[in-house]
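I opened the model to look up a few backbone and packing details. My notes follow in the order in which I checked things.

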Amino acid sequence: MTQAERLESFIDSLGLRHFKGKEFTSYWSRTRKGVSNSCPPEELWHNIVPTLVVLDEVRERAGSGITLTSTYRDPDYNAAVGGERMSYHMKFMAIDFQGGLG
């Protein structure tokens with residue numbers, strides 16, 4: 001099992017109502033300005049749980065879809081996309097998304 005598949009399983013094991021681990025996978029394989037992103041290291045996985053719990057509740061209350069647009073960014077990829085130098089994305093604590101309450 002790959003690291004990405006293990007992380008998908010970890011997210012699925014959280015018992016969230018509206019999120020599946022597969023929603024994250026495509027973002028980790030993106031490339032910008034020749035710099036590839038990567039799956040977050042395992043020691044960061046628990047960092048995203050509080051954010052996911054809140055966003056899962058937003059999905060519940062909105063009654064509509066939310067599309068994840070940015071999750072983990074490794075430091076080189078974060079720089080390539082113009083992210084903040086101390087971005088929480090590099091700590092796997094932030095998610096950018098579209099949709100939600102409206």
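I started with Lys33, which sits in the loop between strand S1 (31-32) and strand S2 (35-36). Helices (H or I, at least four residues) and strands (E, at least two) are DSSP runs, numbered from the N terminus. The phi of Lys33 is near 50°, a positive value in a residue other than glycine. I noted this since most residues other than glycine have a negative phi. Lys33 is exposed, with a relative accessible area of 71%. The classes I use are buried for under 20% relative accessible area, exposed for over 50% and partly exposed in between, with a 1.4 Å probe and protein chains only.

Before going on I wrote down the conditions: this is a predicted model, where local features need pLDDT of at least 70, side-chain atom pairs count only at pLDDT 80 or more, and totals for chains, interfaces and linings use all residues. Residues are numbered from 1 along each chain as its sequence is written, and side-chain values use heavy atoms, with hydrogens and water left out.

Phe92 also has a positive phi, near 60°. Phe92 is in the loop between helix H4 (75-80) and strand S4 (96-99). Is Phe92 buried or exposed? At 0% relative accessibility, Phe92 is buried.

Next I looked up the largest nonpolar core. I take such a core as a set of buried Ala, Val, Leu, Ile, Met, Phe, Trp, Tyr and Cys residues joined through side-chain atoms within 4.5 Å. The largest one holds 21 residues, and Leu7, Phe24, Trp28, Leu52, Phe92 and Ile95 touch the most other members. Helix H1 (3-12), helix H2 (22-28), helix H3 (49-62) and strand S3 (66-70) each give two or more residues to this core. H1 supplies the largest share, 4 residues.

I then listed contacts, meaning heavy atoms within 4.5 Å. With neighbours within four places in sequence left aside, Leu7 is in contact with Trp28, Cys39, Pro40, Trp45 and Phe92.

Arg6 lies in helix H1 and is partly exposed at 33% relative accessibility. Leaving aside neighbours within four places in sequence, Arg6 is in contact with Met1, Glu42 and Trp45. I also checked Arg6 against Gly21: the two are 15 residues apart in sequence and 9.2 Å apart in space, C-alpha to C-alpha.

Asn47 is in the loop between S2 and H3 and is partly exposed at 28% relative accessibility. With neighbours within four places in sequence set aside, Asn47 is in contact with Lys91, Phe92 and Met93. From Asn47 to Ser87 I read 40 residues in sequence and 13 Å in space, C-alpha to C-alpha.

Last, I took the whole-chain values. The protein chain has 4 helices and 4 strands, in the order α-α-β-β-α-β-α-β along the sequence. The radius of gyration is 13 Å, close to the 13 Å that the globule rule gives for 102 residues, so the chain is as compact as a globular protein of that length. That radius is taken over C-alpha atoms, and the rule is 2.2 Å times the number of residues to the power 0.38. Of the 102 residues, 37% count as buried. Of the contacts with a separation of 6 or more, 73% are between residues 24 or more positions apart.
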